[in-house]
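Good morning, and thank you for the time. I would ask everyone to have the sequence and the model open while I speak.

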Amino acid sequence: METSIEKFRGILKGDVLVVNEPRAVEWLKSKGYGSGETQRTLKFHEALYLLEQNKLEATDRKNRVLSFDELLRRAEKYDSKVLYKYLIYRDLRNRGYVVVDGYGLGIDFNVYERGDFPNNTPKILVFGLCEGVPISFEELIKILKVAQANRKTLVLSVIDRRNEVVYYTISRLV
């Protein structure tokens, strides 16, 4: 049976939101959101998604409630690509995938196949790009090698000019 939870509070602390409520921490952990055991630390793209889903109330240290736009503005001070990460994250979550942070080299996300979380490892690495922003062939090869070395599928997620996400799978470069 699907576990449901009412709206919970996250406190903005620098470049993350921290959730301390024990029930919320367990729910977030079971759904693959954030990191931490006794409290969950959410990245901005996760917090924006949960805020949009009406699960999260984001507050600052002075206990002021932050709107989606205010949280996004504050997030952009730390990460100029936060909007694009959020758009990709939201699209993948809305398609039913569990999405966790990538592990360097520009890889934005690790994505679990539907039904694989938490018992299996993620099988997809997502690298986000914006339409019209160039990437060097060498960088693309380096990222593909990381995916292949880890036996993962590399997916390029491209944000087009209408802020829609288009996906391309790269299996090998010749």
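I begin with Arg162, which counts as exposed at 61% relative accessibility. The classes are these: buried is under 20% relative accessible area, exposed is over 50%, and partly exposed lies in between, with a 1.4 Å probe and protein chains only. Before going further, the conventions: this is a predicted model, in which local features need pLDDT of at least 70 and side-chain atom pairs count only at pLDDT 80 or more, while totals for chains, interfaces and linings use all residues. Residues are numbered from 1 along each chain as its sequence is written, and side-chain values use heavy atoms, with hydrogens and water left out.

Which residues form salt bridges with Arg162? One is Asp160, with the closest N and O atoms 3.4 Å apart; another is Glu164, where the closest N and O atoms are 3.3 Å apart. A salt bridge here is a side-chain nitrogen of Lys or Arg within 4 Å of a carboxyl oxygen of Asp or Glu. Asp160 counts as buried at 12% relative accessibility, whereas Glu164 is partly exposed, with a relative accessible area of 41%.

Across the whole structure, the search finds 14 salt bridges. Another of them joins Asp60 to Arg74, with the closest N and O atoms 3.6 Å apart. Asp60 lies in the loop between strand 4 (56-59) and strand 5, and Arg74 in helix 3 (residues 68-76), so this pair ties together parts that are 14 residues apart in sequence. Helices (H or I, at least four residues) and strands (E, at least two) are DSSP runs, numbered from the N terminus. Asp60 counts as buried, at 5% relative accessibility, and Arg74 is partly exposed, at 21% relative accessible area. Both belong to a network of salt bridges that links Asp60, Arg64, Glu70, Arg73 and Arg74.

I turn now to a charged residue of another kind. Asp108 is placed in strand 7 (residues 107-112). Asp108 is buried yet has no salt bridge, and the nearest side chain of opposite charge, Lys85, is 4.7 Å away. For charge, Lys and Arg count as positive and Asp and Glu as negative; His and the chain ends are not counted. What lies 2.7 Å from a polar atom of the side chain of Asp108? The backbone nitrogen of Gly128 does. Apart from neighbours within four places in sequence, Asp108 is in contact (heavy atoms within 4.5 Å) with Lys85, Val100, Asp101, Gly102, Val126, Phe127 and Gly128.

Next, the sheet around that residue. Two strands pair if DSSP finds at least two bridges between them. Strand 7 and strand 8 (residues 124-130) run antiparallel and are joined by 3 bridges; Asn110 stands opposite Leu125 in strand 8.

The loop between strand 7 and strand 8 holds Phe117, which is partly exposed at 21% relative accessible area. Not counting residues up to four places away in sequence, Phe117 touches Lys29, Ser30, Lys31, Gly32, Val98 and Tyr112.

Strand 1 (residues 8-13) and strand 2 (residues 16-19) run antiparallel, joined by 3 bridges, and Ile11 stands opposite Val18 in strand 2.

Finally, Thr38 sits in the loop between helix 1 (22-31) and strand 3 (40-42). Thr38 is exposed, with a relative accessible area of 71%. Leaving out residues up to four places away in sequence, Thr38 touches Asn20 and Val25.

Note on methods: A polar contact is a pair of N or O atoms within 3.5 Å; within protein, one must be able to donate a hydrogen and the other to accept it, and residues adjacent in sequence count only if both atoms are side-chain atoms.
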